[in-house]
Amino acid sequence: MKYIVLLVFVLIGQSQASSSISLPETKTWRQCLEELKLQESIKSYGIEHFSKMAMDIHFFRLLYSKANYTFFIPTDKGFNMSETYLTNQTYFKKRRFMQYHIYPGIHTARSVRDGRAIVSFDGDKAYGNRLYDRYTKKIRFWIQGSEVLQHNLKLGNSIVHIINHALTPPTSDLFQYLESTRGHSIFLDILDRYQVYFQFPFGGTIFAPYDDAFANIPTTYKDKIFKNGLNTRTFLRDHIIRHPMCRGRLYHKSGWSRVYNDNGQTLELYRDKKSKDYSFVESAGVMSVKQVREGWVYAVSEVLLPNIDSKLMDILKDLKATKFIQYVQTAGYLPLLNSLVEVYTVFAPNNKAFDDLDNATKTRLKEDPGYLKLLVEYHLVRGRYSTETMTKRLFYRTVAKNGTINYRLFASRAMGSIQKSRIINNNQMALNGICHLINKVLIPPEITTYDVINDIRSLRLISKMYDKFSEEFRQVLENEDKAYTLFLPTNQAVKAFFYQQNPVNETDAIQKLEILIRNQHYVTQPLIILEDDNQPAIPIKSGNFPILGSSSDRETRILTLRKREKLEGYLTPYFIEEFKSSLVQLNHVTRNGVIQLVDSVFDGKSKVQVTKEMWKSLQKRWKDN
């Protein structure tokens, strides 16, 4: 009797079902209970929770009418997913929630058309998806994204489908949702301008790129799209499928599949075998999925470019980077550059760049497969970065472990440099990324900051003091998860600083030097200086040290790196304007940053030439103290 009470809401009047629909033979109530195994595992099918709510809001009274209905009943587990939605909801909100699971008429797995809507008891649309699996020879059936676990269970003259989670009516339309995310303003603005062409009366599937995805497209390509109305509408149709497809239907199998967009072009889809939520469309990762009144919105990480049919390997061939292609193939990265699973930025050296390598490096590339692989990885960066977007960041993590690439534009603002290489052909767009042709091979640095300090004679004093620096300071300098620039003073500069500061002992001297370096000489981005660069002034941020000191110690300061028109006896033309400190050695690139040598500390005091006698006298005073 208990189970009859629990499921009373599915008992329907005895009006006959439509003769045009073939249904299973009618079963008795006891047979249905036994078939669903409610006595053994009532929690598995979730009839109890859904039934209890139906009785709590007196909804079962509706079922005394003579009309026939289709019920979608969630499992217990599926119903529990809606507890947050139902918490503190009013009687009328709960009633609407219940009505969204009940549909007038008979809707079987075969009668619901893929991508078409059915109307609930309350008049709300729910989009159904259907797929015939040719391998299992069974029909897969979804309603508003919820998969039907058992379908076409006939009770009286009505139909019951058991689904894997409760149905929630969409609370917003397409435009309201895109506006609420605050991350799709560009796509929303374009869609709003051409709203008359995109009404979705029968629903749709929309792939909405984030604003950052548009930033990664070259300006020339964006101009081509957005300055012509026809091209803009074509671009929007690239991101639209004209019938709704929930995630289960769209990514119905692991591995690769395909679907056609509103322009009739093929969109390649990929779903990971282990994680169903790890999926891609073209080269764009699916970040989230949201049901709206018009169908489904997939927030994607990249702009879809189905009209571009070249992959990165095709671009490399067009650029005639044959030697780089050969090394890529030897290193085993050919499948990666032909795959659509991830997006990459490739810095491809031209053939002359490999010809200009020294003999030792050429020999090592032939004899050391590990080094060859590392060198190839050092030219690959995850993500799509055009020269326009790369001005916003100074370094990018490469595929190579601990590899960092420094980048900044020349004064022309048209081309750029990567490490010590010129970009000579930029922004070559591909389906799975973007390629830049460069004139020098990027050599992965194999030394650390500690190695440079110990190897350069001009830094001998700092080398001797290194182990006496605080442990926190050394940890930051040796941290290979960060990339920075250190303007390290030479031996003579350190001596002049100590002589002017007149510390009481060596410990006091080292502490003062450490504080000065972390607050003035430490830059939180790597900066490589090209000697033939014509940019007269480069603003850089110093300080902002991530550890130690009070809040005032971590204040960011702006330093200006300037270039003299003539050397005039200096070793390099560069100097720090605020402290009149000249750079004496450039670009000691390490795995975690860059070291530049300067001829004075950044303390704002005049330079003092310290003789041997003066230095010995200072050391003797320290020893006596």
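Let's start with a strand pair. Strand β8, residues 204-209, and strand β14, residues 295-300, pair in the parallel sense over six bridges. Here is one of the residue pairs: Thr205 has Trp296 in β14 as its bridge partner. One word of caution before I go on. This is a predicted model.

Now widen the view. Which sheet does this pair belong to? Seven strands form an open sheet, and the order runs β9-β8-β14-β13-β12-β11-β10. The pairing in that sheet is mixed. Its edge strands are β9, residues 240-241, and β10, residues 255-260. Each of those two pairs on one side only.

Ile240 lies in it. Is Ile240 buried or exposed? Its relative accessibility is 0%, so Ile240 counts as buried. What does Ile240 touch? Leaving aside residues up to four places away in sequence, Ile240 touches Phe198, Phe200, Thr205, Ile206, Asn261 and Asp262. Ile240 and Asn261 are 21 residues apart in sequence, yet 5.6 Å apart in space, C-alpha to C-alpha.

Next, the helices. A quick reminder on how we talk about them. Two packed helices are described by the distance between their axes and the angle between those axes.

Pair one is α8 with α9. Helix α8 covers 174-181, and α9 covers 185-193. Their axes come within 9 Å and cross at roughly 155°. That angle is over 145 degrees, so α8 is roughly antiparallel to α9. The crossing of α8 past α9 is left-handed. Who makes the contact? From α8 we have Leu174, Phe175, Leu178 and Glu179. They meet Phe187, Leu188, Leu191 and Asp192 in α9. By class, the residues of this contact divide into six nonpolar, no polar and two charged.

Look at the loop between α8 and α9, where Arg182 lies. Arg182 has a positive phi of about 60°, although it is not a glycine. Buried or exposed? Arg182 has 75% relative accessibility, so it counts as exposed.

Pair two keeps α9 and brings in α12, residues 229-238. The axes of α9 and α12 come within 10 Å and cross at roughly 120°. The two helices are therefore oblique to each other. Here α9 passes α12 in a left-handed crossing. On the α9 side, the residues are Phe187, Ile190 and Leu191. They meet Thr232, Phe235 and Leu236 in α12. The class count for this contact is five nonpolar, one polar and no charged residues.

Which hand does the crossing have? The crossing of α23 past α24 is right-handed. The α23 residues are Val494, Phe497, Phe498 and Gln501. In α24 they meet Ala509, Lys512, Leu513 and Leu516. By class, that contact has six nonpolar, one polar and one charged residues.

One more loop for your list. Lys580 lies between β26, 574-576, and β27, 581-590. Lys580 is not a glycine, yet its phi is positive, about 50°. With a relative accessible area of 54%, which is over the 50% cut-off, Lys580 is exposed.

Let me finish with the whole chain. How many helices and strands are there? The secondary structure of the protein chain comes to 25 helices and 28 strands. The chain has 625 residues, and 52% of them count as buried. Ile240 is one of the buried residues. Last, the contacts.

Definitions and conventions. Residues numbered from 1 in each chain as written. Predicted model: local features only at pLDDT ≥ 70, side-chain atom pairs only at ≥ 80, totals over all residues. Heavy atoms only, no water. Left-handed = near helix turned anticlockwise from the far one by under 90°. Helix = DSSP H or I, 4+ residues; strand = E, 2+ residues; numbered from the N terminus. Contact = heavy atoms within 4.5 Å. Nonpolar A, V, L, I, M, F, W, Y, C, P; charged D, E, K, R; others polar. Buried < 20%, exposed > 50% of the residue type's maximum accessible area, 1.4 Å probe, protein only. Pairing = 2+ DSSP bridges. Axes fitted to C-alpha atoms, helices over the stretch in contact; angles between N-to-C directions. Parallel < 35°, antiparallel > 145°, perpendicular 65-115°, else oblique.
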